[in-house]
Amino acid sequence: MNPYLKQYQQSQIQTASPEKILIMLYDGAIQFLNKALKAMEENNIQESHNNNVAAQNIIAEFMNTLDMDIGGEVAQNLYSLYEYLHHRLVQANINKKPEYVKEVLVHLKELKHTWEEAIRIANKEKVNENLGRNDEDDEDEDDEDEDDEEYEDDDDDDEEEEKGFVG
């Protein structure tokens, strides 16, 4: 691999948000399983095994990084699903069953899509929340502007009184 490309990829990972890293891991697992399927079709047992194990490692990482205390029931359900997917890949590797790999691929693609949608919604809510704060800030500034105008009006009254005008 081109050393500059490798350095660029490492930089991308190191500077990516946790959400982006999650999606990158899903992409990686999906790519590994597609390669494993292709290798199975070509009867390349070693290549199939290597790619299957790489996908298993990513799924194991998903399992290990779940926070059961914060995630509660959702985290427990995800853990069970990841555990099942991992088991299916082990079985696919032992029994050379491409249909098991295809099953896991379907689930990973659906999970990736779900995470992308959840991230999109969360980002949209953050933007709306920030806009709400900005609106509040704008309202505060408007109040300050009104206060300034009142002071300016008082100054006008002073000037008018000095000129002998009564408003």
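Is Glu117 buried, partly exposed or exposed, and what is its relative accessible area? Glu117 is partly exposed, at 31%, where buried means under 20% relative accessible area, exposed over 50% and partly exposed in between (1.4 Å probe, protein chains only).

1. Basis. This is a predicted model, in which local features need pLDDT of at least 70 and side-chain atom pairs count only at pLDDT 80 or more, while totals for chains, interfaces and linings use all residues. Residues are numbered from 1 along each chain as its sequence is written, and side-chain values use heavy atoms, with hydrogens and water left out.

2. Salt bridges overall. The whole structure holds six salt bridges, each defined as a side-chain nitrogen of Lys or Arg within 4 Å of a carboxyl oxygen of Asp or Glu.

3. Glu117 and Arg120. These two side chains form a salt bridge with an N to O distance of 2.6 Å. Both residues lie in helix H5, three residues apart, about one turn of the helix; helices (H or I, at least four residues) are DSSP runs numbered from the N terminus. Arg120 is partly exposed, with a relative accessible area of 44%.

4. Lys112 and Glu116. A salt bridge joins this pair at 3.6 Å, N to O. Because they are four residues apart in helix H5, about one helical turn separates them. Lys112 is buried at 18%, whereas Glu116 is partly exposed at 34%. Asp27 is linked with both in a network of salt bridges.

5. Glu103 and Arg88. Their side chains meet in a salt bridge at 2.8 Å, N to O. This pair links distant parts of the chain, with Glu103 in helix H5 (residues 98-163) and Arg88 in helix H4 (residues 68-95), 15 residues apart. Arg88 is buried, with a relative accessible area of 18%.

Notes:
Helices (H or I, at least four residues) and strands (E, at least two) are DSSP runs, numbered from the N terminus.
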